[in-house]
Amino acid sequence: MMNQAVVHTITLRDGREITIETGKLARQADGAAVVRMGKTMLLATVVSAKEIKEDAAFFPLSVDYQEKFAAAGRIPGGFLKREGRLSDYEVLISRLVDRALRPMFPEGYLAETQINIYLISADTEILPDALAGLAAGAALAVSDIPFNGPIAEVRVAKIDGQLQVNPLASDLERATLDIIVGGSAESIVMVEGEMSEVSEDELLEALAFAHEEIKNLCAGLNELTKKAGKEEKRPFTPPAGDEELRKQLWDAYYERMYAVAKSAIQNKHERKEAFKAIKEEYLNSLPEDTTVDVNLASKYFDEMQRMACRNLALDEGIRLDGRKPTDIRPIWCEVDYLPAVHGSAVFTRGETQSLTTVTLGNKLDEKIIDGAIITGVDKFMLHYNFPAFSTGEIKPNRGPSRREIGHGNLAQRALKAVMPDEEEYPYVVRVVSDILESNGSSSMATVCAGSLALMDAGVPVRAAVSGIAMGMISDEETGRYVVLSDILGDEDHLGDMDFKVAGTSAGITAVQMDIKVKSLDFEVLRKALHQAKEGRLHILSIMNEVISEPRPELKPHAPRVATLTIDRDMIGAVIGPGGKVVQEIQRNTGATVVLEDKGEFGVVNIFASDKEAMDAAIEAVRNIIAVPEVGETYTGVVKEVLPFGAVVEFMPGKQGLLHISEIKWERVENIEDVIEPGEEVMVQLIEVDERTGKYRLSRKVLLPKPEGYKERPKNKNNNNRRSGGRRS
């Protein structure tokens with residue numbers, strides 16, 4: 001079969017090029033495209049079922065991003081030596097793409113759809129996460145699948161004070177703002193990223209900058225669609241409705257739905273039951289032989305409930321729980337709740353609650369990162385758990401879901417900005433948030449609880465961090481909109497925006513935004529960000545009443561750490577042959593000793609649970625690295641007896657010769673009559689041979705001279721005998 005590849009090149013504003021190719025690989029998929037920038041290449045495919053299942057109630061879209069290790073010239077670790085389940089990093093990229101694509105499919109399109117994105121060639125300077133959304137958008141653009149696109153994603157970073165699109169990985173290390181933005185030519189639909197306490201206006205500038213490049217990429221995708229001859233899409237007819245039934249139900253029940261929405265029921269389960277009772281009243285009134293489509297009627301009731309809640313907010317500025325748009329739910333928080341952990345906090349806002357713990361560990365607890373491109377270790381971890389009971393449900397306990405991984409990552413980004421420098425702070429820090437109740441924005445409750453728990457643990461964070469979830473309800477026909485602070489779970493579901501903002505009193509540290517409308521004015525974003533700032537500062541003020549700065553001391557049961565800097569050539573001496581020396585120190589003291597080679601010097605990190613173990617381990621290490629001084633007295637152990645003297649270990653790992661003439665002032669005829677192996681002796685270091693570095697010891701200089709003692713003339717062979725000394 002002939003190669004019929006279609007290639008299109010898009011030029012970024014800085015002159016770099018992105019090439020998109022279709023028709024060469026994966027031709028049996030509904031759409032496939034290869035995106036290339038530098039040496040980084042991604043293959044994206046999309047397949048969508050031709051038929052929609054009759055019982056489909058939601059859009060079954062799955063997006064999987066996977067990095068092939070061969071792309072970076074590596075073989076996977078582990079026993080199987082093959083790519084397995086997606087890593088957390090791959091799950092996070094999959095979520096970024098999913099969130100940008102999902103709202104762009106036509107309403108009512110419920111055909112099972114799968115998108116796969118593979119990293120097939122890796123350039124360590126061109127990060128693939130910023131290209132994954134573009135690759136998926138390209139695959140859809142050259143398919144016949146109905147889609148209200150095209151869409152694209154870009155990374156925007158502020159480096160050395162300048163905004164850049166898809167910067168080099170080496171430059172990204174200097175970024176004060178790092179976000180990935182997805183959208184169409186009309187609007188931004190997804191934002192995710194972290195920053196170093198930037199202002200709201202600075203973030204808005206970055207979003208506008210990103211959207212301009214997204215427009216350029218979308219124009220390029222439209223050109224690709226034309227080149228590939230894929231303008232025509234498969235026929236799609238939205239599910240048929242029944243306008244007569246819809247009008248009948250709205251006329252009879254909408255006002256009752258509106259009344260429930262306005263009743264300001266605080267408990268979400270009670271509110272849900274109140275709405276449900278109206279629907280069940282109608283369904284129970286239907287005769288057994290009814291011709292009414294029950295599923296369609298149920299759908300109209302759900303639509304009525306949604307519109308009643310939206311109209312209440314737009315018309316009267318009243319929300320489901322009776323709050324005004326800018327009101328924050330009641331908050332209470334507490335620290336040091338768990339007596340046996342290193343740090344803990346409970347944060348409750350309305351019906352959302354997080355119990356968060358902090359655990360301090362040593363270097364052996366570092367998280368090992370072994371990806372196709374990204375490798376290394378992580379000293380700061382945040383894990384988020386969302387058990388079913390938090391929403392009053394029953395579900396089997398499995399591994400963390402994609403949602404849990406995503407929410408944990410957002411909270412980790414928010415707190416990372418205030419963590420102490422990893423090079424200077426010796427501890428590994430693990431934060432765990434267990435959500436015990438949930439009704440909106442549990443990820444932001446995790447940020448607040450995590451900040452409190454870190455301070456309770458005595459981790460020297462630079463500032464407190466709080467988070468808030470913002471929502472929006474809009475009416476495209478009239479142009480009206482209302483921005484909601486601290487949204488409920490129901491408001492997330494029925495609203496047009498979910499905008500999570502976390503930060504300190506000085507600025508924003510992390511954001512996550514999802515938009516459900518086709519277009520969003522930047523003035524709305526501006527209002528949402530400044531309203532979020534007010535809410536964030538309000539929450540911080542409550543948190544500061546509980547604890548406003550890190551505790552000056554760790555908890556008594558938290559591990560202590562001491563750091564010793566040693567000469568690089570002494571690392572081997574502390575470790576010992578096969579680790580024998582360091583293992584003996586740990587066994588004898590109960591402390592954990594970890595050594596690092598920093599190139600020019602070595603670092604010894606000692607972790608212990610009490611002062612006695614710490615002091616013993618420090619002394620043991622110092623004894624090893626200590627430099628013997630001539631004239632100093634040491635307590636040594638006789639290791640070996642020779643005809644001309646004894647080998648004495650006078651410091652750990654250091655041995656010298658105690659010559660037979662230096663044992664006592666009187667003449668010694670038989671050394672074994674005076675000294676034996678294993679015996680402790682007090683000796684003085686009297687000489688270090690300049691040529692060999694061997695040590696010469698003396699015992700007699702510590703003893704009083706016998707009365708009438710006369711110095712014997714030195715034997716010229718004495719020096720030769722001294723050469724038998726040892727040093728190790």
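In this predicted model, Phe347 stands opposite Ser354 of strand S13. The pairing to which these residues belong joins strand S12 (residues 343-349) to strand S13 (residues 352-361), and it is antiparallel, with seven bridges.

**The five-stranded sheet**

S12 and S13 are members of an open sheet of five strands, ordered S11-S12-S13-S17-S16, in which the pairing is mixed. Its edges are formed by strand S11 (331-335) and strand S16 (380-385), each of which pairs on one side only. On average, and with direction ignored, neighbouring strands of the sheet are turned by 15° against each other. Helix H11 (residues 522-546) packs on this sheet and touches S11 and S12. The direction of H11 makes about 35° with that of S11.

**Helix H13 and its surroundings**

Helix H13 covers residues 580-589, and its buried residues are Val582, Ile585 and Thr589. Why do these buried residues line one face of the helix? Viewed down the axis of H13, they fall within an arc of 55°, so they lie along one face. The face turned away from this buried side carries the exposed residues Lys580, Arg587 and Asn588. After H13 comes Gly590, with a positive phi near 85°.

**The protein as a whole**

The secondary structure of the protein amounts to 15 helices and 29 strands. The radius of gyration is 35 Å, well over the 27 Å given by the globule rule for 728 residues, so the protein is more spread out than a compact globule. The C-alpha trace spans about 130 × 65 × 50 Å along the principal axes.

Of the 728 residues, 51% are buried, that is, they have under 20% relative accessible area. Among contacts with a separation of 6 or more, 70% are made by residues 24 or more positions apart. The protein exposes about 35200 Å², and carbon and sulfur atoms supply 49% of this area.

Conventions:
Residues numbered from 1 in each chain as written. Predicted model: local features only at pLDDT ≥ 70, side-chain atom pairs only at ≥ 80, totals over all residues. Heavy atoms only, no water. Buried < 20%, exposed > 50% of the residue type's maximum accessible area, 1.4 Å probe, protein only. Helix = DSSP H or I, 4+ residues; strand = E, 2+ residues; numbered from the N terminus. Arc of directions from axis to C-beta. Pairing = 2+ DSSP bridges. Axes fitted to C-alpha atoms, helices over the stretch in contact; angles between N-to-C directions. Contact = heavy atoms within 4.5 Å. Rg over C-alpha atoms; globule rule 2.2 N^0.38 Å. Areas by Shrake-Rupley, 256 points an atom, 1.4 Å probe, with all protein chains shown as cover.
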